[in-house]
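Dear colleague,

I am passing on the structure shown just below, and after it I have written out what I found when going through it. Please read the notes with the structure open beside you.

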Amino acid sequence: MTTARYKTCLLIDDNYIDNFVTRKILESSNFVEDIVVRQSPTEAIESLLTGAIIPDVIFLDIRMPLMNGFEFLEEYDKLVFPNKENIKIYMLSSSLDPADMQKSELNKHITSFIHKPITQKALEEVFSNDHSC
């Protein structure tokens, strides 16, 4: 069995079906050892602040009620916790809105934008672009 690329992944998405699909793809690709799902950005922020989750990588949905992915990033920017600068954040979205893609490309925390549903090919591109793996 090969070693997973990352130890812990935080998946932030309010959609149960998308979470199920993303989890299965991540598990089958040996991308990460542990997948933690938070269906609300506020729960994710709380988990990061308390140290309940120390992810290597975050998959963040854009469109969520109450707080969207970009609003999460505004709050994330204010957080102080160990290893924050090493976390890779991938924006996930089924949106084809060019403004969403451009906004995520301009955000200093976003490593890349991935269209949902996530695929094996998209993960392979993540691997090939990540020289820390």
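Helix 2 (residues 41–50) lies across strand 1 and strand 2, and runs at about 145 degrees to strand 1. Please keep in mind throughout that this is a predicted model.

The sheet itself is open and has 5 strands in the order 2-1-3-4-5, with parallel pairing. Its edges are formed by strand 2 and strand 5 (110–115), each of which pairs on one side only, and the twist from one strand to the next averages 20 degrees. Strand 1 (residues 6–12) and strand 3 run parallel and are joined by 4 bridges, and Leu11 has Phe59 as its bridge partner in strand 3. Helix 1 also packs on the sheet, where it touches strand 1, strand 2 and strand 3, and its direction makes about 170 degrees with that of strand 2.

Turning to the aromatic rings, the count comes to 5 aromatic pairs. In one of them, the ring centres of Phe31 and Phe59 are 5.7 Å apart and the planes stand at 50 degrees, so the pair is tilted. Because Phe31 lies in the loop between helix 1 (16–28) and strand 2 (32–38), while Phe59 belongs to strand 3 (residues 57–61), this pair ties together parts that are 28 residues apart in sequence.

Finally, two lysines lie over ring faces: Lys84 over that of Tyr76, at 4.9 Å from the ring centre, and Lys103 over that of Phe70, at 4.6 Å from the ring centre.

How values were computed:
Residues are numbered from 1 along each chain as its sequence is written. This is a predicted model: local features need pLDDT of at least 70, side-chain atom pairs count only at pLDDT 80 or more; totals for chains, interfaces and linings use all residues. Side-chain values use heavy atoms; hydrogens and water are left out. Rings of Phe, Tyr and Trp (its six-membered ring) pair if their centres lie within 6.5 Å; planes under 30 degrees apart count as stacked, over 60 as edge-to-face and the rest as tilted. Helices (H or I, at least four residues) and strands (E, at least two) are DSSP runs, numbered from the N terminus. A charge sits over a ring if NZ of Lys or CZ of Arg is within 6 Å of the ring centre and within 35 degrees of the ring normal. Two strands pair if DSSP finds at least two bridges between them. Axes are lines fitted to C-alpha atoms, for helices over the stretch in contact, and angles run from 0 to 180 degrees between N-to-C directions. Contact means heavy atoms within 4.5 Å.
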